[in-house]
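I opened my notebook for a first look at this structure. My notes follow.

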Amino acid sequence: MSARPQLCPYLGLAADSQSVLSSASEAHRCFAIGSPQPIELDYQNHYCLTSAHPQCPLYQRARPQANEPHKVEFSPAVAPAETVQDDARAESPARTAWLDRIVVAVAVAAVLFGIVYFASLFFNRPDTNNARPAALAGSSTPTPRAPDTPTPTRTPRPTTPAAPAPILPSAPTPPPNGQLFTLNPAPDGGGWVSSGERTGNHLGDAVIQAGVFNKAIYFGLLQFDLSQIPAGTKAIYASLDLIGARDEQVDVEGGGIWQVKLVNVASSKKWAALTFDDVRALPWDYIVPPPLTREQLGKGKINHFELSGQLLAALERQFGQGKLTLRIEGPTGGEDNLFAWESGLSTGNTSLKPVLHIGTDKVVRAEAQSVLLPCVPTPSDPQQRAALAATAAYVATVFGTPTPYPPNYVTPVVVTATPTPDSIFAAATQVARMTAQATLVGTATPTPINWVVPPIITPTPLPENQATAVYRSALATAQAATTGTPTPLPCFVQIASPTPTNTATPVVVYDLPSATPSPTPSVTPNAIPQLLRNKIVFMSDREGTPALFVMDPDGSHIGKLTNRWSYDTALLQQTVSEAFRLAVLGDPTRTTRIVRIALSNGQQQVLFDASGINYDPAFAPNGYDFAFVSTQTGHDELYRMNRDGGGLTQLTQSTWEWNKKPSWSPDGARLIWWSNREAGRKQIWLMNADGTKLTNLSNNAFNDWDPVWIR
């Protein structure tokens, strides 16, 4: 049969260059250049037998002219039968009848042979999905091969022979007294996904491509491991460089932009198993400038991106433990507009790999000198020893024992050039106080297992009395148990019921926009002041440094809390009912569980033990229901359940946001918590106890967090 216009004009049969079969066959040959070449079956289906044949490199090399008939030169070993017949008739007319019979016989035999031959091809054609015939040995011309990953849509043209790799800009100069980190993606850290392939991905591919081709959408992916940069390191600058690899599919006059977005991959998602739908649904925080237009793209061109401002802060948060994941997007509609950058991952050529430069300040490793603080000497007086033993038993019963640190965990104490504290007890008390402060003003998300927060010992006066020192230690222990950051108690620390100390400042200072008036001396009451009942107390940086503030339940009438005793007491009260106490046990860097502890006998019952970090439990006023936070979905979400372990309800639904520190209203009908949803910063939110009617109470340009509803 004659070749149809939509087929490659250089496709033919091994026995007849002017004929083709209707489906892929081993009998087909490519007559584009040189001697006829065998063609793999998959390649025939993708190119030769479709209108995509102009994309074939061999077709492009041959460059057929318009309306030029298909011509192929042959040197057959035997002349055509018609020529032999004419010569024979010319030589001997008497033999014409005999020769005619021979010609008829040969023709009949040829027809029979053709029927048998094509029938055998039809019934014994190879499996086009599995058969991959090898190329001719010693062939000097390229043999057409099918793409490595067949797709249900038309495959973009193969990459043309790579030009010499462009020279990347020289690495930035390290900051003064700082350090420069140069990072490349891991072997599977770059690639692409396509809407034409709903399953699987092309991570580890030779290119990173984004845009649209044959109505399929392509997203590029990049991931850098930031764990080698110590946590807590300050980033001074960061930049990303990508090298253009292919632009044949980009419309010269087309519009659209290409942009790089910083995205979040949940811990529940496996990088190697990401699909197009997974990548499209990844929540993004920031766009890495600048967006690129068609004029800025090109093979061999270097696209340079700068990370600054909030992008740098997001980068810093991943130092020591996380990864930077980027999604590259292009046009998602219209004509073909697919651009590709080099990944350097298949060839191993590091000069082609995407490169992330991060300049940091001086990297301080956790190698501070450790000082062993011995326990307080055992009292020689038997009555004192008995009192301490009774106190320890009381603490274990009421507050429980703190969760031990992981093995090999070291809490160093940095010794500065200051006089030694007056006593070991004073030093231990100061360490416990600073640990409690760090817990209160920090975030509830646990720090990495190797994170070290060195407390600094300074020559501060001894506490005014023993009760004050004991209270500080008890407070640090209780807060550590409820927030998931355990702090061991010093040996033989006496515990007393928290009681406030007398101060000469008012409870709340209002009229914050004006100068703060001189406080009128007063005495702090022995209980939470009535003025604070049904108020919301929270942390805020609205004055530049973290401090406690007060507001009404509708977010109005904001004042500054001058003494944090009421706030700390209310936090403790949230975890205790008449008969039980809520506690968080486990490894705060891996997984924790929420337990109920009976105050009468210390018996424990696990209430919630799902995968992830579970923390911030708070009883409702009825002492039966409680709210808490869990990361089992990959995000910090709020839940509620009852103390018997039933009634589990998820209250918030997030894609990337944090939801932390729930607290109940005095009537138990509503909950407050803090979240960075919508605004991108910490704000106090209000909702009904069933998770409906969410309202931003803060709604300001500051960071507000860790609320507690005084009741």
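I began with burial: a residue is buried under 20% relative accessible area, exposed over 50% and partly exposed in between, with a 1.4 Å probe and protein chains only. By that rule Phe626, at 0% relative accessibility, is buried. Phe619 is buried too, with a relative accessible area of 1%.

I noted that this is a predicted model, where local features need pLDDT of at least 70, side-chain atom pairs count only at pLDDT 80 or more, and totals for chains, interfaces and linings use all residues. Residues are numbered from 1 along each chain as its sequence is written, and side-chain values use heavy atoms, leaving out hydrogens and water.

Next I looked up aromatic pairs, where rings of Phe, Tyr and Trp (its six-membered ring) have centres within 6.5 Å; planes under 30 degrees apart are stacked, over 60 edge-to-face, the rest tilted. I found 13 such pairs in the structure. Tyr43 and Tyr47 form a tilted one, 4.7 Å centre to centre with 35° between the planes. Phe619 and Phe626 form an edge-to-face pair, at 6.3 Å and 80°.
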